[in-house]
Amino acid sequence: TIGRAYGLLSRNLGGGAASYSGMLFYDQNGALGQFQGFNNSTHEYRINNIASGGSINFMLGGSSKFLVASNGNIGIGTTSPSALLEVSNAVPGGPANMWVTSYTNAIGPYFLARRARGTPGAPTAVQNGDFLAGIYGRGYGTTGFGTAFPGMSVQAAHNWTDTAQGTFLAFSTTSIDSTSPA
């Protein structure tokens, strides 16, 4: 069968932050499926897949390089990310590692994790024992990836206030011929 693409161009004549020029895309049944556009005030380029269960997949040469899944997870080098962000070399040509490079004289590259209780709109203090960050490793056995989390974590040493923010590092390793980290 021969496919047809249907699109409708829109021109932004408004000056507000919510005004976009762009293209509306419709599916074969005439239902609106996607919007791509540019905001003249904020200069944001927006891609919005309106279709139910849709994703946004950036591809090169037929190979997925960056995917925003329908559940919001982001995959680099994978078409089925199982976390908020998954970097993998599972797709041919995908990255094998993640590198962070810095060329400043003051601070080298670092990883920073932040933790709060509550909600994004009303965060509350972390409590004694809360995990603040962690670096863990898992390997593949004969039938799947291990379920244990050996590695290192940063934890709150007490309930936090603006003047008391004690922490400790917790290390765990798994003994030979075992699956339980300690």
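Trainee: Are Tyr 140 and Phe 145 buried or exposed?

Mentor: This is a predicted model, with local features needing pLDDT of at least 70, side-chain atom pairs counting only at pLDDT 80 or more, and totals for chains, interfaces and linings using all residues. Residues are numbered from 1 along each chain as its sequence is written, and side-chain values use heavy atoms, without hydrogens and water. Buried means under 20% relative accessible area, exposed over 50%, and partly exposed in between (1.4 Å probe, protein chains only). Tyr 140 and Phe 145 are both exposed.

Trainee: How many aromatic pairs does the count come to?

Mentor: Rings of Phe, Tyr and Trp (its six-membered ring) pair if their centres lie within 6.5 Å; planes under 30 degrees apart are stacked, over 60 edge-to-face, and the rest tilted. By this rule the number of aromatic pairs is two.

Trainee: Why is the pair of Phe 58 and Phe 66 edge-to-face?

Mentor: The ring centres of Phe 58 and Phe 66 are 5.6 Å apart. Their planes stand at 70 degrees, so the pair is edge-to-face.

Trainee: What are the centre distance and plane angle for Tyr 140 and Phe 145?

Mentor: The rings of Tyr 140 and Phe 145 form an edge-to-face pair. Their values are 5.2 Å and 85 degrees.

Trainee: How many strands are there in the chain?

Mentor: Helices (H or I, at least four residues) and strands (E, at least two) are DSSP runs, numbered from the N terminus. The chain has zero helices, and its strands number 13.

Trainee: What percentage of the 182 residues count as buried?

Mentor: The chain has 182 residues. The buried share is 16%.
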